[in-house]
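Hi there,

Here is the structure I promised to pass on. Please have a look at it first, and then read my notes below.

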Amino acid sequence: MRLQAELHQERELKEMLAGSVSDLRSTLCELQQKLHTVDGEGNEWKTRYETQMELNGQLERQMSLIHQRLEVLRGNPVDRLASIRSFDDLSVEALRQRLKLLTEERSDLQNQLMDCQLRIEQEGKAFHKTNDERRAYLSEIAKMSSTLEGQRRQHTSRPSKAAESRTRRDVAAAAVERRGEKKSKEGSRLPKLGH
């Protein structure tokens, strides 16, 4: 008896797991289909992702260069001026080339900074535009919800008003009928005409 219960429980567990596996497979297929639709060239998010990855690569290269420079600058911890003294050994032409290289690097960094500022500004504008659209939609949804709620209230209150008006009409009709009955009884009080 106990073995049969355990066997039954194991079968239920197996069926449940098979259902879960089936659900996961269908979800995987749906996600793969969505992935294929996202792979289109015109996809804004894919473009943003690729741009961000490129920017991340540039920043990583800059970080590694800065770390290398720091290591060179640190040099011998006893001699803090070793990096400056290394320039003393260079010729004037080598110093000019070094100055030219540093000027180009500075220009490149300033250009990258301007690009980043422009990108931040554009992303900010896009964010604010999207946020304004979201607020407009929320406002419209709230307006439509209140209108719908008002219509629901009006609809639910109408049957009771209709019932009240029916009751009033029924009372009025009954009063008219009673008056008609009284008039028919009173009509016999009139003098009879001779023929």
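A word on burial before the details: a residue is called buried under 20% relative accessible area, exposed over 50%, and partly exposed in between, with a 1.4 Å probe and protein chains only. Please also keep in mind that this is a predicted model, in which local features need pLDDT of at least 70, side-chain atom pairs count only at pLDDT 80 or more, and totals for chains, interfaces and linings use all residues. Residues are numbered from 1 along each chain as its sequence is written, and side-chain values use heavy atoms, with hydrogens and water left out.

**Overall picture**

The protein has 4 helices and 0 strands, and its pattern along the sequence reads α-α-α-α. Helices (H or I, at least four residues) and strands (E, at least two) are DSSP runs numbered from the N terminus. Of the 195 residues, 3% are buried. The accessible surface is about 18,400 Å², with 58% of that belonging to carbon and sulfur atoms; such areas come from the Shrake-Rupley method with a 1.4 Å probe, and for residues only the protein chains shown count as cover.

UniProt, in an unreviewed entry, places a "coiled-coil region" at residues 92–119. UniProt positions are given in the numbering used here, feature names are shortened, and annotations may be inferred rather than shown by experiment.

**Salt bridges**

Side chains of opposite charge can pair when their charged atoms come close. I used the rule that a side-chain nitrogen of Lys or Arg sits within 4 Å of a carboxyl oxygen of Asp or Glu, and the count by this rule is 4 salt bridges.

Which parts of the chain does the pair of Glu-123 and Arg-48 link? The two side chains form a salt bridge at 3.6 Å, N to O. This pair joins distant parts of the chain, with Glu-123 in helix 4 (residues 92–186) and Arg-48 in helix 2 (residues 44–74), 75 residues apart. Glu-123 is partly exposed at 37% relative accessibility, and Arg-48 is partly exposed too, at 27%.

Lys-125 pairs with Glu-121, their closest N and O atoms being 3.6 Å apart. Because they are 4 residues apart in helix 4, about one helical turn separates Lys-125 from Glu-121. Lys-125 is exposed, with a relative accessible area of 55%, while Glu-121 is partly exposed at 45%.

Arg-153 and Glu-149 also form a salt bridge, with the closest N and O atoms 3.9 Å apart. Arg-153 counts as exposed at 57% relative accessibility, whereas Glu-149 is partly exposed at 34%.

**Cysteines**

A disulfide is a covalent bond between the sulfur atoms of two cysteines. Taking a disulfide as a pair of cysteine sulfur atoms within 2.5 Å, the structure holds 0 of them. Cys-29 is partly exposed at 42% relative accessibility, and Cys-116 is partly exposed at 26%.

Is Leu-55 buried or exposed? Leu-55 lies in helix 2 and counts as buried, with 15% relative accessibility. Leaving aside residues up to four places away in sequence, Leu-55 touches Cys-116 and Arg-119, where contact means heavy atoms within 4.5 Å. Leu-55 and Gln-112 are 57 residues apart in sequence, and their C-alpha atoms are 9.6 Å apart in space.

**A nonpolar patch**

On the surface, Leu-13, Met-16 and Leu-17 make up a nonpolar patch with about 300 Å² of accessible area together. Patches are made of residues with over 30% relative accessible area and no salt bridge, where like charges are joined within 9 Å and nonpolar side chains (Val, Leu, Ile, Met, Phe, Trp, Tyr) within 5 Å. Met-16 sits in helix 1 (residues 2–38) and is exposed at 55% relative accessibility.

Best wishes
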